[in-house]
Amino acid sequence: MHADLKRNKFAYFFDLLDLNRNGLLQHNDFSDMAELVRKELQLEEGSEEHKYVAEKAIRLFHQLLNDISPMEHQSINKDEWLSFFEENLGDQVDEEVLATYQELIYLYVFDFFDHNRDGFITSDEYKRFFDIFKLDDQYLEKSFSMLDSNGDKKVSRYEMLAAIEDFLISDDPASSGNWAFGNWEASPK
Ligand SMILES: [Ca+2]
Ligand SMILES: [Ca+2]
Ligand SMILES: [Ca+2]
């Protein structure tokens, strides 16, 4: 059937998080992301808010290091990433792993980009997500409309969590959640 579908999505998500596109997930991918968010939100360097953002950004990395135990110190390669996700969210889904990553990814992509803190992501806020992760914005509109399942022009927490779950475990190529982070069939730039 669609044996490669989930693998392609896992690989796409690795490339997205690998902010400097060097083929490895390392501390700087996450701290650089926090720095971009800090500038975007115009937080003062060293402020409590800035520390909060930096701490939250690194949480996903620490969870990954803990779960994957990479060969190289503090450096996760794509094969290690793919084996972990295929083992835990592949044919057999470990519910605990799913819940953990659903929440962490939610915090990483939703919470950071809800700039006005109203609990919804607008298409402008979603565009910043595309900009920071250098995603191809020709897919911005399509991705946003796939996320916005009730069509009210904003993405709620519920819509985002459902999409992330689909992205992580659905093996249906027509599933709208596959589009949560842009065009999963293309490589991020
Ligand atoms: Ca990297
Ligand atoms: Ca908002
Ligand atoms: Ca909506």
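Colleague: Hi! What should I know about this model before I start?

Modeller: It is predicted, so to speak from the start: local features need pLDDT of at least 70, side-chain atom pairs count only at pLDDT 80 or more, and totals for chains, interfaces and linings use all residues. Residues are numbered from 1 along each chain as its sequence is written, while chains are lettered from A and ligands numbered from 1 in the order in which they are written.

Colleague: Great. How many helices and strands are there in the protein?

Modeller: The protein has eight helices and four strands. Helices (H or I, at least four residues) and strands (E, at least two) are DSSP runs, numbered from the N terminus. Along the sequence the pattern reads α-β-α-α-β-α-α-β-α-α-β-α. The radius of gyration is 16 Å, close to the 16 Å from the globule rule for 189 residues, so the protein is as compact as a globular protein of that length. That radius is taken over C-alpha atoms, and the rule is 2.2 Å times the number of residues to the power 0.38.

Colleague: And what does the C-alpha trace span along its principal axes?

Modeller: About 50 × 45 × 30 Å. Of the 189 residues, 31% count as buried. Buried means 20 or more other C-beta atoms within 10 Å of the residue's own, exposed means 12 or fewer, and partly exposed is in between, with C-beta atoms placed from the backbone.

Colleague: Let's talk helices. How do helix 3 and helix 5 cross?

Modeller: The axes of helix 3 (residues 48-68) and helix 5 (residues 95-109) come within 9 Å and cross at roughly 150 degrees. Axes are lines fitted to C-alpha atoms, for helices over the stretch in contact, and angles run from 0 to 180 degrees between N-to-C directions.

Colleague: What about helix 2 and helix 3, how close do their axes come?

Modeller: Those axes come within 9 Å and cross at roughly 150 degrees. On the helix 2 side, the residues include Phe30, Met33 and Val37, and among their partners in helix 3 are Val53, Ala57 and Phe61. By class, this contact has ten nonpolar, three polar and one charged residues. Ala, Val, Leu, Ile, Met, Phe, Trp, Tyr, Cys and Pro count as nonpolar, Asp, Glu, Lys and Arg as charged, and the others, Gly among them, as polar.

Colleague: New topic! Where is Gln42?

Modeller: Gln42 sits in the loop between helix 2 (27-41) and helix 3. Its phi is near 55 degrees, a positive value in a residue other than glycine. Gln42 counts as exposed because it has 7 C-beta neighbours inside 10 Å.

Colleague: And is Lys153 buried or exposed?

Modeller: Exposed, with 11 C-beta neighbours inside 10 Å. Lys153 also has a positive phi, about 70 degrees, although it is not a glycine.

Colleague: Last one: what does Asn178 touch?

Modeller: Leaving out residues up to four places away in sequence, Asn178 touches Lys9, Asp166, Phe167, Ser170 and Trp184. Asn178 lies in the segment after helix 8 (157-169) and counts as buried, with 24 C-beta neighbours inside 10 Å.

Note on methods:
Two residues are in contact if their C-beta atoms, placed from the backbone, lie within 7 Å.
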